[in-house]
Amino acid sequence: MTTKYIIKTAFAGLRNNKSRAALTILGIVIGVTSIMLIMSLGKGAQDLILNQVQSIGAKTIVVHPGRQPKSLMDSAQMMNADSLRQRDLDELRKTTNAPHIAKVEPLNVGGATAIYENETYSVTILGGGEYLQDIYDIRLQEGRFVNLDDIQSHADVAVIGSKVKEELFGANDAVGQKIRMKDRNYRVIGILQKKGQSFISFDEAAIMPYTTAQTYIFGIKYFHHLIVEADSEENIDATIKDIEITLRNSHDITDPTKDDFWIVTQQTAIDQVKTITNVLTSFLIAVAAISLIVGGVGIMNIMLVSVTERTREIGLRKAVGATNSDIMSQFLMEAVFLTGLGGIIGIILGASLSLLAALILSKVVGLDWIFTFPISAMLLGIGVSAGVGFVFGLYPARQAAKKSPIEALRYE
Amino acid sequence: MALIEVKNLEKIYGGDGAETPALRGLDFSVEKAEFVAVMGPSGCGKSTLLHVLGFLDRHTRGTYLFDGKSMDQYSDDELAKVRNKKMGFVFQMFNLLPRTSVLENVKLPLVYSDVKESLWNDIAMKAVAEVGLEHRADHETTKLSGGEKQRVAIARALVNNPQIVFADEPTGNLDSKSGGQIMELIDGLHEKGCTIILVTHETYTAEYAERIIRLKDGLIESDMRVTARHHGGDKFIK
């Protein structure tokens, strides 16, 4: 029996039972569609987050206080870690300690409600210093940025993001006006240009001298982060070493496993994001794969019915010379054909739905979402669906092949 | 050498205490190009005999030599090969593929043969022409009359140029006119040198045969040559 004939027969078998075939492959279609959707959206989400991570900058190193979190409990404790202090900042600013550090700036992050006249807006407080502007490539639309004087004098000043300005002041002038946060007034000294999605949402931020933020907003004496910029990308590794040595000295730590700080670079952040999104995507794919198994069982069920229905045909084919393996391949091919078709429909549907989702996410939600449809997803979709057909078609096909020609011909 | 030679052929259905003997020790042989009718009341084992002779079922005891070789020496796949190359089958229920054209049905044995696919159409078309259905070659078999269906089945049986054709009550579901036409076609095959084994309980079809084997309760009751052969529809043996 030629392959061409097997395929032709399989196709004719489907054509003769159009609605049944359509219903049978529905499970496979749904399964493959959801896997395609998850893979495409997972990749899109990963790219989106990675883009934001890239905005950290390749030369930037972020020092976090406390132990590196390994679990959710650790992350909760991290919030209270108070190991990074003014002394560490001073030590890192000494070129003898870390020659490749170009700039260091502390960063305290928190939330507060900003009030201006009758308007209120929930802002992200960023307590930092003058170097933040360079490190994060912050551009001003109006006014000036936080400077050294502000830091030394604990000045009650704030540079506000474009969204904050819009929400509190509308079209009115903001620079020189006073906004109220945590029962204290702060003079607006500058307004940031609109920046859009990035690692830190500057548009919704109020940047203040870190000394002011520490004292009046957070009431703490430590830093949430130290942001370090190396003089070049090549010196990142050397700089990390220098930071580690400097901070261990400063904290009297001899055993590196007892470090009370941890360091994140763009690269480690990218790796982490990839790990997390990949784990999430795989988990979701595994869930979607269950529907493929259910679909496969449906295929098996229908194939068994079909084998019984076509007992006479099987008998006849055997009578005119079909061997067991001929019958087996015919029914197996039909199952594979059925699921393969389901796979192809699923891929097309999955691709269309992810494109639609991408359009909604970028046009309506306003994310920098880029539609991606990995080739690997497509191959996986076809491969898996055909595989499902093969596995679940095997049993019915064997049942068909096992029929004796005479039993089959007698069947009424 | 005889084409078919059976010795003490037995076929027992079932097992585990519920054994039903269908054939209880048959001895006979069939020469090449012979036309044998197997007759007898229902349940006498004539269909079972045809199935065993046609390699569709295996016997329980005794020996069956086909073309000099014992059936026991064939594997299932080899039996399928022999059925495909040397045997043709015509059944009472026609057994055509539904929703499939006449030509595709006739092609079926070629599909499982060594014949090149490019030749299938021509060979099948020739067989369709032989049974006079060339004008219906593209019709679906479900739309044909009973007589036409059986002609398709005959075309299918002869498409691989078999040595022997087994016909199991080929006229059983047909009116006598169509039945007569079918018997003419089968007789035509015989004239061309094809061995025919015809199972029937109708005397008018049996009269085409050269020899009639009568079975009763799984045994041969009589095995007689038909001396006066008649052709045509109105001179039936009574």
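**Exercise 1. Find the domains of chain A and say how far apart their centres lie.**

Let's begin with the division itself: chain A splits into domain 1, made of 3–52 + 271–410, and domain 2, which covers 82–259. Keep in mind that you're looking at a predicted model. Next, take the centres of the two domains over C-alpha atoms: domain 1 of chain A and domain 2 of chain A are 53 Å apart by that count.

**Exercise 2. Work out whether chain A is spread out or a compact globule.**

To put some dimensions on it, the C-alpha trace of chain A spans about 100 × 55 × 35 Å along its principal axes.

**Exercise 3. Describe how α12(A) and α13(A) run relative to each other.**

Locate the pair first: α12 is residues 324–364 of chain A, and α13 is residues 375–402 of chain A. Their axes come within 7 Å and cross at roughly 150°. Angles over 145 degrees count as roughly antiparallel, and therefore α12(A) and α13(A) are roughly antiparallel to each other. As for handedness, their crossing is right-handed. Finally, sort the residues of this contact by class: 20 are nonpolar, 10 polar and one charged.

**Exercise 4. Work out what chain B brings to its contact with chain A.**

Count both sides: chain B gives 21 residues and chain A gives 20 residues. Then look at where the chain B side comes from: α2 (76–86), β6 (87–91) and α3 (102–111) of chain B each supply at least two residues. The largest share is that of α2(B), with six residues. By class, the side of chain B that touches chain A has nine nonpolar, four polar and eight charged residues.

**Exercise 5. Follow α3(B) to its packing with α5(B).**

Start with the geometry: α3(B) packs against α5(B), residues 146–158 of chain B, at an angle of about 35°, and the axes are 7 Å apart. The crossing is right-handed. Now pick out the residues: α3(B) contributes Val102(B), Asn105(B), Val106(B), Leu108(B) and Pro109(B), while α5(B) contributes Val152(B), Ala155(B) and Arg156(B). Sorting them by class gives six nonpolar, one polar and one charged.

Notes. Residues are numbered from 1 along each chain as its sequence is written. Chains are lettered from A and ligands numbered from 1 in the order in which they are written. This is a predicted model: local features need pLDDT of at least 70, side-chain atom pairs count only at pLDDT 80 or more; totals for chains, interfaces and linings use all residues. Axes are lines fitted to C-alpha atoms, for helices over the stretch in contact, and angles run from 0 to 180 degrees between N-to-C directions. Helices (H or I, at least four residues) and strands (E, at least two) are DSSP runs, numbered from the N terminus. Angles under 35 degrees count as roughly parallel, over 145 as roughly antiparallel, 65 to 115 as roughly perpendicular and the rest as oblique. A crossing is left-handed if the near helix is turned anticlockwise from the far one by less than a right angle, and right-handed if clockwise. Ala, Val, Leu, Ile, Met, Phe, Trp, Tyr, Cys and Pro count as nonpolar, Asp, Glu, Lys and Arg as charged, and the others, Gly among them, as polar. Two residues are in contact if their C-beta atoms, placed from the backbone, lie within 7 Å. Domain bounds come from an automatic or database domain assignment. The radius of gyration is taken over C-alpha atoms; the globule rule is 2.2 Å times the number of residues to the power 0.38.
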